[in-house]
Amino acid sequence: MAEPSSTRAGRRSGESTARADILAAAREMFASNGFKSTSLRAVAAEAGVDVALVSYYFGSKHGLFVEALEVPVDPAEQLTRAATGPRSALGTRMITEFTGAWEGETTGTALQGLLRSIVNDPGRSNAFGEFASHRMVPLLSEKAGVELDTARVLISCMFGMAMVRYLIGVPTFAEMSRDEVIAMYGPRLQLIVDADGTVSP
């Protein structure tokens, strides 16, 4: 149905439901097509809105993904903060940033619930897996100045730790304090960084 001429570009009648419609369409499309193959234009078409409205509410595909999957922290912001500072302390900054979110009062429970849903729901698993591959790994490589393979190893170590500590609750990991986790993982993640072949500018 054509929109009334008085409606501004990127907005529509019944706008009160537009945001929810976009999120519902995005969840379905990210789950079925993955992060890389889902475009804002396709989500807009599925939701029955102008693509400008998607950008108006969420800014970018990254922003839409974070809200659609109800990620309580923005991975891009976390990786950028961790990458800011001396390369010699990158490993410690990464594990500090990571555990801060996973054990935060307002974010920890939500992240653990997200991890369970990713493990148990193939659609969400596909969506988050593609997001990690096509957004998180390249972003860490860019921001930290490390090779893509190094970024892959670092992120896999972090999420492996999340699985055994926060999801499965393996005692040798779950019983450690956050400070102990940082002290153990920081230097070992740094060894991976130090073995990277990229020359810092």
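**Figure 1. Burial and overall fold of the protein.** Of the protein's 201 residues, 42% count as buried (buried is under 20% relative accessible area, exposed over 50%, partly exposed in between, with a 1.4 Å probe and protein chains only). The model is predicted: local features need pLDDT of at least 70 and side-chain atom pairs count only at pLDDT 80 or more, while totals for chains, interfaces and linings use all residues. Residues are numbered from 1 along each chain as its sequence is written, and side-chain values use heavy atoms, with hydrogens and water left out. The secondary structure comes to eleven helices and zero strands (DSSP runs numbered from the N terminus, helices being H or I with at least four residues and strands E with at least two). The C-alpha trace spans about 60 × 40 × 25 Å along its principal axes. Among contacts (heavy atoms within 4.5 Å) with a separation of 6 or more, 64% are between residues 24 or more positions apart.

**Figure 2. The largest pocket.** This pocket has a volume of about 430 Å³. A pocket is found on a 1 Å grid over the protein atoms alone, as an open set of points where a 1.4 Å probe fits, with protein on both sides within 12 Å along at least five of seven lines; lining residues have an atom within 4 Å of a point. The volume is the space filled by probe spheres set on the points, which are joined across faces, edges and corners. Of the 25 lining residues, Phe 98, Trp 102, Phe 128, Met 136 and Phe 159 are the closest to the centre of the largest pocket. At least two lining residues come from each of helix H5 (75–83), helix H6 (90–102), helix H7 (108–120), helix H8 (122–144) and helix H9 (148–167). The lining has 21 nonpolar, three polar and one charged residues (Ala, Val, Leu, Ile, Met, Phe, Trp, Tyr, Cys and Pro count as nonpolar, Asp, Glu, Lys and Arg as charged, and the others, Gly among them, as polar).

**Figure 3. Helix H6 and its cover.** The 13 residues of H6 should span 18 Å at 1.5 Å a residue, and its end C-alpha atoms are 18 Å apart, which agrees; the expected span is 1.5 Å times one less than the number of residues. The buried residues of H6 include Arg 93, Met 94, Phe 98 and Trp 102. Their cover includes H5, H7, H8, H9 and helix H11 (178–194).

**Figure 4. Ile 22 in the largest nonpolar core.** Ile 22 and Leu 64 touch the most other members of this core of 60 residues (a set of buried Ala, Val, Leu, Ile, Met, Phe, Trp, Tyr and Cys residues joined through side-chain atoms within 4.5 Å). H8 gives the largest share of this core, nine residues. Not counting residues up to four places away in sequence, Ile 22 touches several residues, including Val 43, Tyr 57 and Leu 64. Tyr 57 is in helix H3 (residues 51–58) and counts as partly exposed, at 23% relative accessibility.

Figure 5. Val 73 is in the loop between helix H4 (61–68) and H5, and is buried, with a relative accessible area of 17%. Leaving out residues up to four places away in sequence, Val 73 touches Val 66, Gln 78, Ala 101, Thr 107 and Leu 111. Ala 45, in helix H2 (residues 40–47), counts as exposed at 60% relative accessibility.
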